[in-house]
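The entries are in the order in which I made them.

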2 protein chains.
Amino acid sequence: MIPEEILRSLVLQNDSKLVMVVIDGLGGLPVRGKTELETAKIPNLDRLASKSICGLIDPISYGITPGSGPSHLALFGYDPFQYEIGRGVMEALGIGLTLTKDDLTARGNFATIDENGVILDRRAGRIPTEKNEEICQFLQNEVREVDGVRVSIYPGKEHRFVIVFQGEGLRDELTDADPQKDGLRVKGTDSLTPEAQRTADIVNNYLKKVREVLKAFHPANMVLLRGFSKVPDIPSMSERFKLRPAAIATYPMYLGLARLVGMEVLKTGETLKDEVETLKSHFDQYDFFYLHFKRTDSAGEDGDFKKKVRALEEIDQIIPLILRLRPDVLVVTGDHSTPALLRSHSWHPNPILLYSKYIRPDGVRRFTERQCQKGELGRFPAMEILPLMLANGLKLKKFGA
Amino acid sequence: MIPEEILRSLVLQNDSKLVMVVIDGLGGLPVRGKTELETAKIPNLDRLASKSICGLIDPISYGITPGSGPSHLALFGYDPFQYEIGRGVMEALGIGLTLTKDDLTARGNFATIDENGVILDRRAGRIPTEKNEEICQFLQNEVREVDGVRVSIYPGKEHRFVIVFQGEGLRDELTDADPQKDGLRVKGTDSLTPEAQRTADIVNNYLKKVREVLKAFHPANMVLLRGFSKVPDIPSMSERFKLRPAAIATYPMYLGLARLVGMEVLKTGETLKDEVETLKSHFDQYDFFYLHFKRTDSAGEDGDFKKKVRALEEIDQIIPLILRLRPDVLVVTGDHSTPALLRSHSWHPNPILLYSKYIRPDGVRRFTERQCQKGELGRFPAMEILPLMLANGLKLKKFGA
C-alpha cells in the first residue's frame with residue numbers, strides 16, 4: 001500500500017466518473033458443490049466480467065472476518081486498523097444518527113437488578129420494544145443532562161438502546177459500565193487514561209441518577225452501557241482523494257459510514273431500481289458514487305442459500321441500467337463474504353471486477369469467486385481498490401520523475 | 001497482517017483440531033524440467049489438494065532464504081523480524097538443551113594459537129569428535145564457574161561445541177570473541193550496551209582461564225566464541241492464540257523451536273508412522289499439532305534429487321493416516337525450499353494446501369509448486385497461515401461491528 005501522504009500528492013481532479021457497487025456479503029461457500037454466485041443466473045455480471053479485469057479481495061487480511069465498519073473503510077481507501085469505529089458509534093449510525101466530534105456514544109441494555117445492585121437479568125426479561133420506547137421516553141424527560149452534558153436516549157429493539165452524551169472534551173477511553181454477566185454487581189465505567197477521568201465521572205453520575213429514577217420500573221430498573229466510542233477523526237474523501245463522493249444506500253448504517261468519510265448522502269427509495277434512479281439523477285453532480293445493495297447479506301445471515309441466489313439475480317438485472325450511464329470506471333465487489341452455510345460474515349475473499357477503458361480484459365467470463373480468482377488483479381487487499389479506481393479514472397499523477 | 005493486539009482480542013477457544021504438517025525443505029527446482037514434487041508419485045497429497053485450497057507461501061519475503069528459526073516462527077504465526085533467535089540459541093536447541101531466560105549461549109570452536117595469541121588454525125586442525133569430547137570434559141571439570149556464573153560446555157562435531165553461561169541478569173549484546181580469520185590475534189568480547197558490560201567481563205574472565213587451562217592441549221589450545229544469544233521473550237501460542245499446542249518431530253532443533261513458543265513436546269519414535277501414531281494417541285489432549293518431517297530437507301542438502309523424491313513419496317503414504325483422525329483444519333506445507341539443485345535452503349516459495357469444511361476447492365489437482373500457484377490462496381506470507389487456520393477452525397471472532 002502506498003503511504004497516505006504520497007497518494008495525496010498524486011491525486012488530481014477531473015471529470016471522470018467512478019462507480020463502486022458494493023453487494024453486501026457477496027462471497028459464499030459451496031453447498032452441493034456450488035456457491036451462491038455459481039448457482040445464480042447473472043448473465044449481465046458475467047458479460048461485464050468478460051469485459052473487465054477480475055480478482056479476489058481480502059477486506060482485512062487472511063483469516064480475518066470483518067464487521068461492516070472496517071470492511072467499508074477499506075473499500076473507501078482507509079486503513080481499518082488506523083481508523084477504528086467503536087460499537088457505540090456503529091449502533092448510532094445504524095439508527096441514522098449524525099454524529100459530531102462532541103458526541104460520545106454507547107450501546108445500552110435495560111437490566112433487572114436487586115436492592116444490592118446485583119444483576120438478576122442483563123436483558124430485563126427482554127421487555128417488548130414498545131415498553132422499551134416508553135421507558136426511554138420517561139428516562140429522557142427525567143434526566144436531560146448531567147454536569148452540563150446533554151444526554152439523549154434512542155430506543156432499539158427489545159431491551160436495547162443507544163445513548164449519546166454531547167459536550168465538549170468528552171473522551172472515549174472508558175471501560176464498559178457492564179459486568180457482562182448475571183449475578184455480578186452493576187458497575188460504573190473506569191477511565192483508561194487520565195484525560196478521560198472527567199468523562200467517566202459524568203457517565204457515573206448519570207448512572208446514579210438513572211438508578212434512582214428507574215426504581216419503579218422493575219424489571220427494567222437499571223441500565224448497562226458498553227462500547228463507549230466517538231467518531232474517529234477521519235480525513236474526508238475529498239481531502240484525501242480530491243473526490244466529490246456520494247452515497248446511495250437504503251440502510252442507515254451504510255449511509256452513516258459514508259458520512260464519516262465525507263460522502264454526500266443521496267435520498268433514495270427502497271428498491272434497487274430506486275437506487276439506480278438516484279444514481280442517474282445525480283450523475284452530473286458527483287464524481288464518485290458508492291452504491292450499496294443489502295439483501296444478499298441479510299439472506300446469507302438467515303442461512304437462506306436460495307434467497308441469496310435470488311437477491312444476486314435481481315442485482316444482475318440492474319447492471320445494464322448502471323452501464324447505460326457510461327461510468328468511466330465501474331467496480332463491482334462485496335464488503336465481506338456472508339456464506340449461507342455459515343449464517344454470518346466470514347473471512348473469505350470476495351470477487352471483484354473493474355471495468356474501464358484502460359484495462360486488458362483477462363479472459364474471466366463468469367463473475368464468481370473461483371473464476372475471478374484467475375483474473376489479472378490476483379488476490380489483494382480491499383484498501384488497494386480506491387487507488388486503482390483513481391488510476392483508471394486518470395485521476396493519479398506519476399509518482400517520482 | 002493484522003496487528004498482534006487486535007488478533008489477540010479476536011481469538012476464542014473451541015474444540016476444533018488444527019494440524020500443521022511441515023515438510024522440511026519442501027519446495028524444489030526443476031532438474032530435466034521437473035521439480036522433486038513434480039517427479040514424485042504422491043497420489044494422496046494430490047487427492048487432498050483437489051479437495052483443498054492451495055497457494056504459495058513466502059517464509060520471509062521475496063528473495064530471502066530463511067534459516068529454520070525464522071521460517072518456523074513465521075509458520076507458528078510470529079513475526080521473524082520481531083523475534084530473532086540467535087545462533088547460539090539455535091545450536092543449543094539443536095543439541096536438545098532447554099533454555100531459560102537466565103541462559104546465555106554461544107557457539108564455540110577449538111582453535112590453535114601461538115604464544116602471542118595469534119590464531120594459527122581457527123579449527124584446531126579439525127580435531128576428531130572423540131578428542132573434542134575429551135577436551136570438553138576436561139574443560140568442564142577445570143572451570144565450572146566464573147564470577148558466580150555457571151558455565152556448561154557441550155561437545156559437537158569435530159572442533160565445535162556449545163557453551164551456556166547461566167546466571168541472573170546476563171545480557172547478549174556482545175560482539176563475537178572470534179576475529180573470524182587465521183593470522184589475527186584472539187580477542188575478547190565487547191559489550192554493545194552499557195548493560196552488557198558485566199556480562200562481557202564475565203565472558204572475558206572465562207576466556208582468560210580457558211587459555212591458561214588449555215595450554216597443554218595443542219592443537220586445541222584456545223576457544224573462539226560467537227553468536228552470543230539468549231532466548232527471545234516470546235509470548236506463548238496459548239497466550240497469543242488460546243491454543244493448546246503440541247509438537248511432534250524427531251530432531252531436537254525443531255522441538256526446541258516448538259518449546260520456545262510454548263508447545264508441549266510429545267515423545268515419539270524415529271519413523272513417519274511413529275510420528276503419526278503419536279499424533280493419534282494425543283489427538284484428544286491438544287487442539288493444535290505441529291508435525292515435522294525432516295528427511296526431504298536432508299536429501300535436498302545432500303543434492304540428492306532422487307532421495308528427496310523418495311522422501312516425498314514416503315510422506316505421501318502417511319497422509320491418509322492423518323486424514324483418518326478427521327482434523328477440522330489440515331495444512332500441509334514447508335518451512336522453506338531446499339532444492340537438490342542448490343544443495344541448500346533457498347528463497348523459493350513453498351506450496352501449501354489448506355483443507356477444512358469452510359473452503360471453496362479451487363481446482364488445483366496436484367500438490368506441486370506450479371499447480372499450487374494457481375490456487376485461491378495466491379502467493380502470501382507464511383505468517384498469515386496461522387490466522388487462516390484459526391478462522392477455518394472457527395476460532396476467530398469478527399473484527400469490528
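The entries below begin with the domains and end with a single loop residue.

**Entry 1. The model and its domains**

I first noted that this is a predicted model. I then looked up how chain A is divided. Domain 1 of chain A consists of 4-84 + 235-392, and domain 2 of chain A is 90-229. Taken over C-alpha atoms, the centres of domain 1 and domain 2 of chain A are separated by 36 Å. I recorded that 6 residues from domain 1 and 6 residues from domain 2 of chain A make up the contact. Which element gives the largest share of the side of domain 1 of chain A that touches domain 2 of chain A? I found that α9(A) does, with 5 residues. By class, that side of domain 1 has 3 nonpolar, 2 polar and 1 charged residues.

**Entry 2. Two crossing helices**

I next turned to helix α9 (residues 252-260) of chain A and helix α5 (residues 87-94) of chain A. Their axes come within 7 Å and cross at roughly 115°. From α5(A), the residues in this meeting are A:Met90, A:Leu93 and A:Gly94. From α9(A), they are A:Pro252, A:Met253, A:Gly256 and A:Leu257. I noted the classes for this contact as 5 nonpolar, 2 polar and no charged.

**Entry 3. The sheet of chain A**

I wrote down the strand order in chain A as β10-β9-β11-β1-β12-β13-β2-β14, which is an open sheet of 8 strands with mixed pairing. Which strands stand at the edges of the sheet in chain A? They are β10 (264-265) and β14 of chain A; each has a single partner strand, so one side of each is left without a neighbour in the sheet.

I then followed β13(A) and its two partners. Strand β2 (residues 53-58) of chain A is joined to β13(A) by 5 bridges, and the two run antiparallel. One pair that I looked up here is A:Ile53 with its bridge partner A:Leu354. Opposite A:Ser356 in β13(A) stands A:Val329, and A:Val332 has A:Leu353 as its bridge partner.

Is strand β13(A) enclosed or open to the outside? I found that 7 of the 7 residues of β13 (residues 350-356) of chain A are buried, so the strand is largely enclosed by the rest of the structure. In a regular strand the side chains alternate between the two faces of the sheet. I checked the directions for β13(A): A:Asn350, A:Ile352, A:Leu354 and A:Ser356 point one way, while A:Pro351, A:Leu353 and A:Tyr355 point the other way.

**Entry 4. The sheet of chain B**

Strand β2 (residues 53-58) of chain B runs antiparallel to strand β13 (residues 350-355) of chain B, and 5 bridges join them. I noted B:Asn350 in β13(B) as the bridge partner of B:Ile57.

**Entry 5. The nonpolar core and the chain contact**

I looked up the largest nonpolar core, which has 244 residues. Those with the most contacts inside this core are A:Met20 and B:Met20. Not counting residues up to four places away in sequence, B:Met20 touches B:Leu75, B:Phe289, B:Tyr290, B:Leu291, B:Val331 and B:Met389.

The contact between chain A and chain B takes 27 residues from chain A and 21 residues from chain B. On the side of chain A that touches chain B, α4 (68-75), α5, α13 (369-372) and β14 (378-381) of chain A each supply at least two residues. I recorded the classes on that side as 13 nonpolar, 9 polar and 5 charged.

**Entry 6. A loop residue**

My last entry concerns A:Leu214, which is found in the loop between α7 (197-213) and β8 (222-229) of chain A. Why does A:Leu214 count as buried? It has 21 C-beta neighbours inside 10 Å, and the cut-off for a buried residue is 20 or more. Leaving aside neighbours within four places in sequence, I found A:Leu214 in contact with A:Ala220, A:Asn221 and A:Met222. A:Leu214 and A:Ile135 are 79 residues apart in sequence, and their C-alpha atoms are 8.6 Å apart in space.

How values were computed:
Residues numbered from 1 in each chain as written. Chains lettered and ligands numbered in written order. Predicted model: local features only at pLDDT ≥ 70, side-chain atom pairs only at ≥ 80, totals over all residues. Buried ≥ 20, exposed ≤ 12 C-beta atoms within 10 Å, placed from the backbone. Helix = DSSP H or I, 4+ residues; strand = E, 2+ residues; numbered from the N terminus. Pairing = 2+ DSSP bridges. Axes fitted to C-alpha atoms, helices over the stretch in contact; angles between N-to-C directions. Contact = placed C-beta atoms within 7 Å. Nonpolar A, V, L, I, M, F, W, Y, C, P; charged D, E, K, R; others polar. Core = buried A, V, L, I, M, F, W, Y, C linked by C-beta atoms within 7 Å. Domains from an automatic or database assignment.
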